[in-house]
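Please open the model in your viewer and keep the selection panel at hand.

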Amino acid sequence: MSKLIAQGGCLCGQVRYEFDRNEVLSVGHCHCTDCQKATGSGKATIIFLPTSALGLNGNLTKYTVVGSAGSRVTRGFCPHCGCPILSYTEEDAGTRFIKAGSLDDPSWVVAASSFWSASAHAWSPVDPELPSFSGNPS
């Protein structure tokens, strides 16, 4: 299988990353209130990727909170422009959640599910075409 390299980064270009799209585990829309605040929108579209598959250049500033389900969620963003790049939980350090909006070309991204639909707003509704979970998927 040939590599399909995806690249992305922050607004100012000080943080860059790449990964092989063949390594993507899943893509989803998260409607939790933490993602809403972190993105300033109704949801975050995130790409689930093994940590080992991510090549990251530049330094991220990290901020950790206790998430809606009680896990410790760390978010990484550019220390210069503030652009959100990724997140992960301490409970699953082997997976990174890449913010789809930080990709140079996100045209290939297709969400497979929505989660935390219980927190979705009418102005940013859950896609009725996708499987949906009221909290984290089981």
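## Charges, fold and cores

Begin by selecting the charged side chains of this predicted model: the chain carries 10 positive and 11 negative ones, and the centres of the two sets lie 6 Å apart. With the surface displayed, the accessible area comes to about 7400 Å², of which 51% belongs to carbon and sulfur atoms.

Along the principal axes, its C-alpha atoms fill a box of roughly 35 × 35 × 30 Å, and 42% of the 138 residues count as buried.

Now select Phe19, Ile47, Ile85, Ile98 and Leu103, which touch the most other members of the largest nonpolar core, a set of 23 residues. Strand 2 (16–20), strand 4 (44–50) and strand 8 (84–89) each supply at least two residues of this core, and the largest share, three residues, comes from strand 8.

Centre the view on Phe19 and show its surroundings: leaving aside neighbours within four places in sequence, Phe19 is in contact with residues including Leu4, Ile5, Val24, Ile47, Leu49, Ile98 and Trp108. Apart from this core lies another, of nine residues, and selecting Cys30, Ala44, Phe115 and Trp116 will show some of its members.

Note on methods. Residues are numbered from 1 along each chain as its sequence is written. This is a predicted model: local features need pLDDT of at least 70, side-chain atom pairs count only at pLDDT 80 or more; totals for chains, interfaces and linings use all residues. Side-chain values use heavy atoms; hydrogens and water are left out. A nonpolar core is a set of buried Ala, Val, Leu, Ile, Met, Phe, Trp, Tyr and Cys residues joined through side-chain atoms within 4.5 Å. Buried means under 20% relative accessible area, exposed over 50%, partly exposed in between (1.4 Å probe, protein chains only). Helices (H or I, at least four residues) and strands (E, at least two) are DSSP runs, numbered from the N terminus. Contact means heavy atoms within 4.5 Å. Accessible areas come from the Shrake-Rupley method with a 1.4 Å probe; for residues, only the protein chains shown count as cover. Lys and Arg count as positive and Asp and Glu as negative; His and the chain ends are not counted. The place of a charge is taken as NZ of Lys, CZ of Arg, CG of Asp or CD of Glu.
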